[in-house]
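Hi everyone, thanks for making time this morning. I'd like to walk you through one structure, so let's bring it up on the screen.

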Amino acid sequence: MKYKGIIFDLDGVICSTDHYHYLAWKALADRLGAYFDETINNRLRGVSRMASLDIVLERYDGQLSEEEKLAAAEEKNSTYRELLKQMSPADLAPEVKAALDWLRAQGLLLGIGSSSKNTKFILERIGLGDYFDKISDGTNITRSKPDPEVFLKAAAFLGLEPKDCLVVEDAKAGVEAALAAGMDAAAIGDAVSCGLATYNLTRFSDLIDCVKD
Ligand code: BG6
Ligand code: MG
């Protein structure tokens with residue numbers, strides 16, 4: 001195998017939470033009277049919660065204090081977590097699970113590198129609560145992607161050198177973070193168009209070809 005470990009972004013790679021993020025941000029934006037749509041929602045991919053709020057507030061006429069911003073982010077998060085309760089193991093695509101199992105069977109370590117503070121909750125909802133060897137997420141980082149921190153921590157948790165890790169990402173900022181960490185990057189979905197990744201995947205199972213010698 002070309003790598004010793006694979007580090008997966010969660011949202012948009014292992015499962016799709018975009019629509020729940022959209023609904024929760026839309027509820028907040030509607031309450032504030034700020035315009036919000038799917039195009040703005042796409043800009044939030046891979047972006048931390050507070051940085052996402054700043055993007056949502058670009059279309060808000062008023063001014064929120066730091067305290068009000070924290071309350072607004074908390075409001076969005078509680079709507080989001082309510083919506084996440086609808087997720088179940090049926091939201092894990094069989095193709096994704098089969099590819100993960102194949103990678104594990106080759107002896108590769110499997111980790112998560114996500115900006116989300118809801119990572120463990122989401123993994124439990126989709127039946128992968130105990131699946132990954134290590135998790136680096138929004139609860140253990142101080143800097144958001146494209147900063148490499150989340151992936152460098154994931155590699156350290158796995159006990160691996162960055163050069164032995166491949167990152168799988170659906171956001172441009174995530175691909176940049178992986179490369180800045182000294183790791184190869186496989187882009188899927190939205191991230192393909194940035195043209196920066198080591199590999200571009202059409203589907204999740206294409207990953208199998210990327211790791212073979
Ligand atoms: C990323 C998502 O994985 O996590 C972003 O792509 C999100 O859209 C970020 O803002 C933070 O997530 P959370 O769950 O901590 O609000
Ligand atoms: Mg993502």
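Let's start with helices H3 and H4, which are roughly perpendicular to each other. Please keep in mind that this is a predicted model. The axes of H3, residues 49-56, and H4, residues 66-84, come within 10 Å and cross at roughly 100°. On the H3 side, the contact involves Arg-49, Met-50, Leu-53 and Asp-54, and H4 brings Lys-69, Leu-70, Ala-72, Ala-73 and Asn-77. If you sort the residues of that contact, you get five nonpolar, three charged and one polar.

Now to the sheet. In what order do its six strands lie? Reading across, they go E3-E2-E1-E4-E5-E6, in an open sheet with parallel pairing. Strands E3 (134-136) and E6 (199-201) are at the edges with a single partner strand each, so one side of each has no neighbour in the sheet. On average, neighbouring strands are turned by 25° against each other, ignoring direction.

Let's zoom in on E1, residues 5-8, and E4, residues 165-169: they run parallel and are joined by four bridges. Here Ile-7 sits opposite Val-167 of E4. Helix H8, residues 172-180, packs on the sheet and touches both E4 and E5 (184-188), with its direction at about 170° to that of E5.

Last stop, the metal. Which residues coordinate the magnesium ion, ligand 2? They are Asp-9 (OD), Asp-11 (O) and Asp-170 (OD), at 2.0 to 2.2 Å. Along the chain, these donors follow the spacing D-x1-D-x158-D. Asp-9 counts as buried at 5% relative accessibility, and Asp-11 is buried too, at 15%.

Technical notes. Residues are numbered from 1 along each chain as its sequence is written. Chains are lettered from A and ligands numbered from 1 in the order in which they are written. This is a predicted model: local features need pLDDT of at least 70, side-chain atom pairs count only at pLDDT 80 or more; totals for chains, interfaces and linings use all residues. Side-chain values use heavy atoms; hydrogens and water are left out. Axes are lines fitted to C-alpha atoms, for helices over the stretch in contact, and angles run from 0 to 180 degrees between N-to-C directions. Helices (H or I, at least four residues) and strands (E, at least two) are DSSP runs, numbered from the N terminus. Angles under 35 degrees count as roughly parallel, over 145 as roughly antiparallel, 65 to 115 as roughly perpendicular and the rest as oblique. Contact means heavy atoms within 4.5 Å. Ala, Val, Leu, Ile, Met, Phe, Trp, Tyr, Cys and Pro count as nonpolar, Asp, Glu, Lys and Arg as charged, and the others, Gly among them, as polar. Donors are N, O and S atoms within 2.8 Å of the metal (3.2 Å for Na, K and Ca); water is not among the atoms, so sites may look incomplete. Buried means under 20% relative accessible area, exposed over 50%, partly exposed in between (1.4 Å probe, protein chains only). Two strands pair if DSSP finds at least two bridges between them.
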